[in-house]
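Visitor: Hi, I have a structure open here and would like to walk through it with you. Could you help me read it?

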Amino acid sequence: MSTPTDIPNALSGWRFSVAPMMDWTDRQCRAFHRTLSRRARLYTEMVTTGAVLHGDRERLLGFDAGEHPVAVQLGGSDPGDLAAAARIAADFGYAEINLNVGCPSDRVQEGRFGACLMREPDLVGACVAAMKAAVSVPVTVKCRLGVDDQDTEQALDAVAGTVIAAGADGLIVHARKAWLKGLSPRENRDVPPLDYGRVARLKRAHPSLPIAINGGIADIAAAKARLTEVDGVMIGRAAYTEPALLLDVDPELFGEPAPVANAFAAVEAFEPIIAEGLERGLRLHAYTRHMLGLFNGRPGARAYRRHLATAGMGAEAGIGTLREAAAKVSRERPPASAAA
């Protein structure tokens with residue numbers, strides 16, 4: 001099996017990444033997460049090829065260089081459109097282009113992309129080949145184990161085989177099936193059982209392909225356990241709802257100090273970024289909605305959240321509002337059993 005040091009330099013951040021999440025991992029979220037970890041690889045929300053080709057590209061794809069390493073996730077199934085969108089995204093400066101083969105929403109299925117592409121491995125391979133021919137940055141795929149009644153051994157092997165043949169630089173596997181009939185997108189995040197062993201078997205079968213695992217990984221200890229079997233770990237909701245866990249990423253997974261000492265220092269370090277956004281006309285809530293879970297587990301965390309959810313929503317809310325909220329939180333850690 002490859003070790004993290006064997007992964008190509010362009011994908012070294014794959015050892016830990018924060019998943020692309022619709023309505024969550026926007027520019028403000030990524031800027032906040034970067035305040036907590038220098039090394040975590042960050043992803044955009046999924047952007048469809050149609051939006052990239054015909055929409056407001058600066059709004060959809062613009063990002064600050066301080067977010068690096070940051071990757072863009074594309075949704076689509078037409079190789080030509082994906083190649084054109086990948087070229088545009090690469091010109092924006094993204095470190096990686098990722099193809100979504102895992103989203104189970106009805107809208108995505110209607111567009112013939114996302115998880116339903118697990119049924120069309122040859123098309124996935126054609127999409128990857130087209131993107132690889134269009135850009136020089138790494139092209140990766142994020143998929144599920146399979147969909148509906150597919151056999152996960154056959155389905156995942158088929159997708160992996162076609163993307164390897166097409167030259168994909170890495171594969172991220174959400175270690176669950178997606179049930180396109182009978183489960184909502186929310187249920188698809190929890191109800192299908194996890195099968196980490198299936199992803200580990202895939203890695204053993206393809207030792208030269210960087211493979212990251214996603215799904216149900218709640219903390220850094222769980223990430224470390226998975227890293228004994230694969231090259232990288234991707235955490236989604238836990239990194240968003242408990243963002244303080246990102247403070248452990250650099251020291252625990254990369255042997256480097258965290259960029260800030262604690263959650264309170266993270267707020268202070270993030271203030272200049274918020275201030276710049278406020279000057280551009282953004283509201284405080286655009287930033288603080290991603291920070292609500294920062295102090296979970298500390299006395300005063302509930303008051304902090306309440307203040308941001310009330311005073312922090314107004315048009316006049318500013319840095320002082322955030323400071324008032326943070327001042328409600330105790331700087332002493334409570335016992336592990338204590339509630340916020």
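Visitor: Which residues of strand 6 are buried on one side and which on the other?

Guide: Gly170, Ile172 and His174 are buried on one side of strand 6, and Leu171 and Val173 are buried on the other, so both faces are covered. Buried here means under 20% relative accessible area, while exposed means over 50% and partly exposed lies in between, with a 1.4 Å probe and protein chains only. Strands (E, at least two residues) and helices (H or I, at least four residues) are DSSP runs, numbered from the N terminus.

Visitor: Before we go on, what kind of model is this?

Guide: It is a predicted model, in which local features need pLDDT of at least 70 and side-chain atom pairs count only at pLDDT 80 or more, while totals for chains, interfaces and linings use all residues. Residues are numbered from 1 along each chain as its sequence is written, and side-chain values use heavy atoms, with hydrogens and water left out.

Visitor: Back to the strands, then. Why do the side chains end up on two faces?

Guide: In a regular strand the side chains alternate between the two faces of the sheet.

Visitor: And what does strand 6 pair with, say strand 7?

Guide: Strand 6 pairs with strand 7 (residues 211–214) in the parallel sense over four bridges, and Ile172 stands opposite Ala212 there. Four bridges also join strand 5 to strand 6, and these two run parallel, with Ile172 as the bridge partner of Lys142. Two strands count as paired if DSSP finds at least two bridges between them.

Visitor: How does the chain get from strand 5 to strand 6?

Guide: The chain passes through helix 7 (residues 152–165), and this β-α-β crossover is right-handed, meaning that, with the strands pointing away from the viewer, the path from the first strand over the helix to the second runs clockwise.

Visitor: What about strand 4, is it buried or exposed?

Guide: Five of the five residues of strand 4 (residues 97–101) are buried, so the strand is largely enclosed by the rest of the structure. Ile97, Leu99 and Val101 are buried on one side, and Asn98 and Asn100 are buried on the other.

Visitor: How many strands are in the barrel?

Guide: The closed barrel has eight strands, running 1-2-3-4-5-6-7-8 with parallel pairing. The twist averages 25° from one strand to the next, taken between N-to-C directions of lines fitted to C-alpha atoms (for helices over the stretch in contact), with angles from 0 to 180 degrees.

Visitor: New topic: what is the volume of the largest pocket, and which residues lie nearest its centre?

Guide: Its volume is about 800 Å³, and among its 32 lining residues Pro20, Met21, Met22, His174 and Arg189 lie nearest the centre. On a 1 Å grid over the protein atoms alone, a pocket is an open set of points where a 1.4 Å probe fits, with protein on both sides within 12 Å along at least five of seven lines, and lining residues have an atom within 4 Å of a point. Grid points are joined across faces, edges and corners, and the volume is the space filled by probe spheres set on the points.
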